[in-house]
Amino acid sequence: IYETSCYGCDGPGLMYNFEFGLPYKIFSKTNTLIKLEAIVPAGVYNGGHRATIELIRKAESWKIKSYVTRSFTVDPLNMSIEQSIEYMHYAIPKNWNEEVATIEHKGKEPRYGFDLFLVNGKDMYYFNVNTAELNQYIGS
């Protein structure tokens, strides 16, 4: 539905990296209305947020009726290490085109407190369990 909505009309209200690899919840779903809560992960250019979205069907297209956000400062994700690893199995191949065989939690990054993960025994990534920010880690 998201991919077939009118980006020219609705694009400014949506982040391009809307991730259903993160937990989401569908509140209602009919032939003319879908209401759900989903997550836009934090990244280099955005702070991320939770979003409650209502989509309505007009003719053969789905349109955004409402898009209400909540900051991670107000409502952090608080993902467990297991949830983080599950998400990384989805996000790393998608965003870095790297196949994932193993992910090992290595503890906290000493300066900023992000969780560090060793992927495939060679590449280090950091992950913020409160904002879902994921990136390759280059330590000093």
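Mentor: Strands here are DSSP runs of E, at least two residues long, and helices are runs of H or I, at least four, both numbered from the N terminus. Two strands pair if DSSP finds at least two bridges between them.

Trainee: Okay, what does Lys 25 stand opposite in strand 2?

Mentor: Its opposite number there is Glu 37. Strand 2 covers residues 33-40, and four bridges join it to strand 1, the two running antiparallel. Keep in mind that this is a predicted model, where local features need pLDDT of at least 70 and side-chain atom pairs 80 or more, while totals for chains, interfaces and linings use all residues. Numbering starts from 1 along each chain as its sequence is written, and side-chain values use heavy atoms, without hydrogens or water.

Trainee: What's the strand order in that open sheet?

Mentor: It goes 1-2-3-4, four strands with antiparallel pairing. Strand 1 (25-29) and strand 4 (61-70) sit at the edges with a single partner each, so one side of each has no neighbour in the sheet.

Trainee: And how much are neighbouring strands turned against each other?

Mentor: By 20° on average, direction ignored, going by axes fitted as lines to C-alpha atoms.

Trainee: Zooming out, how do the elements run from the N terminus?

Mentor: As α-β-β-β-β-α-β-β-β-β, which gives two helices and eight strands. Of the 140 residues in the chain, 40% are buried, meaning under 20% relative accessible area, with exposed being over 50% and partly exposed in between (1.4 Å probe, protein chains only).

Trainee: Back to the sheet: is Glu 54 buried or exposed?

Mentor: Glu 54, in strand 3 (residues 49-58), is buried yet has no salt bridge. That term asks for a side-chain nitrogen of Lys or Arg within 4 Å of a carboxyl oxygen of Asp or Glu. The nearest side chain of opposite charge is Lys 65, 4.3 Å away.

Trainee: What else is Glu 54 in contact with?

Mentor: Leaving aside neighbours within four places in sequence, its contacts (heavy atoms within 4.5 Å) include Leu 33, Ile 34, Lys 35 and Lys 63.

Trainee: New topic. Which phi does Asn 97 have?

Mentor: A positive one, about 55°, although Asn 97 is not a glycine. Asn 97 is in the loop between helix 2 (81-96) and strand 5 (103-108), and it counts as exposed at 70% relative accessibility.

Trainee: What about Ala 132, buried or exposed?

Mentor: Buried, at a relative accessible area of 2%. Ala 132 also has a positive phi, about 65°, without being a glycine. Its loop runs between strand 7 (123-127) and strand 8 (134-136).

Definitions and conventions: Axes fitted to C-alpha atoms, helices over the stretch in contact; angles between N-to-C directions. Lys, Arg positive; Asp, Glu negative; His and termini not counted.
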